[in-house]
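Here's a quick tour of a protein fold, written for someone just starting out. Have a look at the picture, then read on.

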Amino acid sequence: MKTQELALQAEINRKRLVDVVYAAHAGHIGGDLSCLNVLTALYFDVLNVSPDRISDPDRDRFILSKGHCVEALYVTLEAKGFMQPGVLDTLGQYGSILSGHPTIEVPGIEVNTGALGHGLSIGVGMAIAAKMDGRSYRTFVVMGDGEQGEGSIYEAAMAANQYHLDNLVAIIDRNHLQISGNTEDVMALDDIKERWSAFGWDVKRMNGDDMADIVRTFDSIDYGCGRPHLLISETTKGRGVSFMENVASWHHGVPSEEQHAKAVEEIDNRIKELEKTLR
């Protein structure tokens, strides 16, 4: 997909996300919105995955370590064709296969996640398995920045370097806000780039709010360099909904009827503008 087409797909996904959270009366909408561009780029431009090859041993693996932002993954999987029409509308209802964190009951989800700090360790195991089995698949892990306070993250980081896992890409959704406030007030993380470079990783910064930079950064990864890759995705919590942006209380929140209408209007306007550029 071209960059503008990816940007349009991201906005379509964003509108669907706002509708789904509003209807379900639950969701971690702030972090959903901040990582949605990256998820859209992954599934529509980067990952070798397809709903008709769901068990292909050479499919790329994706892990949403920040599992509380599963709504963003659900709308992306639906848009990619992994979910049948109507399934996503059951979120929050009794008997639905959709939970508040990723589970393997949902087609396209590789592993149950949500206990913060565990996703990268699982990704390391998958990447090692690919090396041992001589498989070509790559493993991608999206983590939160608040999640970087978990010690298991750094055990996994050391192991990835030890085993030269250049088939592993970790992405930190660096929106600077967690449920209890600014990350630098809760548990300071900077300088993240220096920290991960010291662990032996190939580290790049990218603007996760800008689709062109996301595409450029993924395209620049050297999968034969002998080192695992970390992308620091600088994003905005609540990206794309003006009254949610950079507001910690939207870590977990449900818009009112009036707020929902305003959010949809903002996104619809961007969709119309992008559609004009693609005509």
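In strand 7, Ser233 is the bridge partner of Met206. Strands here (E, at least two residues) and helices (H or I, at least four) are DSSP runs, numbered from the N terminus. Keep in mind that this is a predicted model, where local features need pLDDT of at least 70, side-chain atom pairs count only at pLDDT 80 or more, and totals for chains, interfaces and linings use all residues. Residues are numbered from 1 along each chain as its sequence is written, and side-chain values use heavy atoms, with hydrogens and water left out.

**Around strand 7**
- Strand 6 (residues 202-207) and strand 7 run parallel, joined by six bridges; two strands pair if DSSP finds at least two bridges between them.
- Strand 3 also runs parallel to strand 7, again with six bridges, and Ile171 stands opposite Leu231 in strand 7.
- Five of the six residues of strand 7 (residues 229-234) are buried, so the rest of the structure largely encloses it. Buried means under 20% relative accessible area, exposed over 50%, and partly exposed in between (1.4 Å probe, protein chains only).

**The nonpolar core**
- The largest nonpolar core has 57 residues, and Ile171 is among those with the most contacts inside it, as are Leu42 and Phe62.
- Helix 2 gives this core its largest share, eleven residues.
- A nonpolar core is a set of buried Ala, Val, Leu, Ile, Met, Phe, Trp, Tyr and Cys residues joined through side-chain atoms within 4.5 Å.
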